[in-house]
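Please read this briefing with the sequence and the 3D view side by side. Each topic below begins with the terms it needs and then turns to the residues themselves.

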Amino acid sequence: MAKDLRSFIDALRASRSADLVEIERQIPRDLYMTVIQEKLAKQGRYPAVLFRNVAGNRWPTVTGLFSSYSLLARALDVDPTEKGRVLAEYMKREANPIAPVSFSGRTAPVQEIVMTGDDIDLDSLPVQQHCAGDSGRYITIGCMICKDPVSGVTNVGTYRHELKGRARMGCMMNPVQHAATIRGRHHAAGNAMEVAVFIGHHPAYHIGGASRGPLEHDELAVTGGLLGEPVELVACKTVDLKVPAYAEVVIEGRIPPGSFDNDGPFAEYAGYYGAPMNVPAIEVTAITRRRDPIWHDLFPSFREHTQVGVLGREAQLYRRIREIVPNLGGVHLPPSGANFWHCYVSIRKRAQGEGKLAGLAVLGSNYDVKHVIVVDDDIDIYDDQEVLWAVATRVQADVDCSIVTNSFGAHLDPTAYGETRSERGPMTTKVIIDTTRPLSRQFAERVRPAKDLWDSVDLRDYVGVGNPGGDNPGR
Ligand SMILES: Cc1cc2nc3c(=O)[nH]c(=O)nc-3n(C[C@H](O)[C@H](O)[C@H](O)COP(=O)(O)O)c2cc1C
């Protein structure tokens, strides 16, 4: 059986872990699901949430599939307690892509129901408004497939789509994205760009779709590598494209030259509303789906948005830093830094100045990163508290911090500025904070429990049943 969204949810359920919460009580379609996610986060919980009863629709909605590193580990079928292994496993599989194959059965699950013409009604899908200030209802985790007319290569990327009518929806494509380049090529030749957006699949599809590479890079082959099995593709019903046969829903359509609509305000990933803009608009030609689909949603102004692409970015940074600092321990983009704007790097320092060198490698490899914190490898880069402790106890700002001003950065950063600094623009100020200890002199000894004692003490023997502070069942 192919790996898909429902097999992933079944595996989560079978794990009996805190990574899945299922909610039976009816929930309104708009605004509520995101509040439930925020409330769970306030308790330090970042599970996938399956809402079984969404008002106005028979389909369940799952959200939060990328909310934690533990869920990313589960998407790759790696032990979620071994955070450091997740990136290593991702990099190994990304380097071994498996080409997609054609679906060989009679009817692909995603084409059990086919709606075309007047039967198309985007509002029949449980698409929700996520935040009060959003301009409307958005599909936030659809994977859009299109084809480059020059190379013939298929491209996959995630774009948001605001519903604009029964058969019309927006498509917000940042001009730097491959899909935007491809749209430009179709329209320059006077042709519409055909698209197919699939919604609801195994999370590895989105992680693979966010992998970094040139335009010719085949994201579906990377997905196959991540899953350890080829993606099975089936021909669309109304456009000349192929889509994953085991998706839950597919929306087919075309973007004619000159087709635009407004988008936004929209609650963006960094926690602020983005301004309204004009974006290309898709004319929908078909909706195909399973008989009993599970709708996949994603809270865009929440850590799950950025976590989708974290492994692809961490892998790219790891390769680049290691070229210049071979004794690299690890690299992590933590959710506390909106994922893309803070970068933690650990090294086994062997040469004076190597901490700053690792920081420079990060800044030269990824324009979104604003603050790099380099630590020795006794610090756990997956633990913000440890990293901040290193900043507190191993840094004197005048020598350990280096600032680069007026560098290209993330345009969604509300503090970004232009060349005169009096107006908004694409530039930010970058900082390297080097917390690595000096090699040339003795540094204070760190207090740590003795290793044999640490290994021999089992918390469950001491913090168990009946202890209000304990959350383990005891034994
Ligand atoms: C959940 C999610 C939503 C995204 N939404 C958008 C979007 O609306 N517009 C956009 O330009 N990029 C968006 N991105 C980023 C692109 O999907 C990502 O950069 C992708 O690699 C682009 O692929 P492409 O360059 O091959 O087209 C989103 C990413 C994720 C994970």
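Helices (H or I, at least four residues) and strands (E, at least two residues) are DSSP runs, numbered from the N terminus. The model is a predicted one, in which local features need pLDDT of at least 70 and side-chain atom pairs count only at pLDDT 80 or more, while totals for chains, interfaces and linings use all residues. Residues are numbered from 1 along each chain as its sequence is written, and side-chain values use heavy atoms, with hydrogens and water left out.

**Backbone details**

- Leu31 is found in the loop between strand E1 (20-23) and helix H2 (32-42), and although Leu31 is not a glycine, its phi is positive, at about 70°.
- The peptide bond that leads from Gly264 to Pro265 is cis, with omega near 5°, and Pro265 belongs to the loop between strand E13 (260-263) and strand E14 (266-267).
- As background for both cases, most residues other than glycine have a negative phi, and most peptide bonds are trans.

**Two open sheets**

- Two strands are taken to pair if DSSP finds at least two bridges between them.
- Another open sheet has three strands in the order E4-E10-E11, and its pairing is mixed. Strand E4 (101-102) and strand E11 (242-244) are the edge strands, each with a single partner strand, so one side of each is left without a neighbour in the sheet.
- Strand E10 (residues 232-235) and E11 are antiparallel and joined by three bridges, with Leu233 standing opposite Pro244 in E11.

- The protein chain is divided into domain 1 (84-301) and domain 2 (310-434), with bounds that come from an automatic or database domain assignment. Taken over C-alpha atoms, the centres of domain 1 and domain 2 are separated by 31 Å.
- Counting contact as heavy atoms within 4.5 Å, 14 residues of domain 1 are in contact with 18 residues of domain 2.
- Buried area is the accessible area (1.4 Å probe) that two parts lose on being put together, summed over both. Between domain 1 and domain 2 it is about 1400 Å², and carbon and sulfur atoms give 71% of it.
- On the side of domain 1, Leu87, Arg212 and Tyr269 lose the most area to domain 2, together 45% of what that side buries.

**Salt bridges**

- A salt bridge is a side-chain nitrogen of Lys or Arg within 4 Å of a carboxyl oxygen of Asp or Glu, and the structure holds 36 salt bridges.
- In one of them, the side chains of Arg29 and Asp123 meet at 3.0 Å, N to O. Arg29 lies in the loop between E1 and H2, and Asp123 in the loop between strand E5 (113-116) and strand E6 (138-147), so the pair ties together parts that are 94 residues apart in sequence.
- Across the interface of domain 1 and domain 2 the rule finds one salt bridge. The side chains of Glu94 and Arg319 also meet in a salt bridge, at 3.1 Å, N to O.
- Helix H4 (residues 83-94) gives six residues, the largest share, to the side of domain 1 that touches domain 2.
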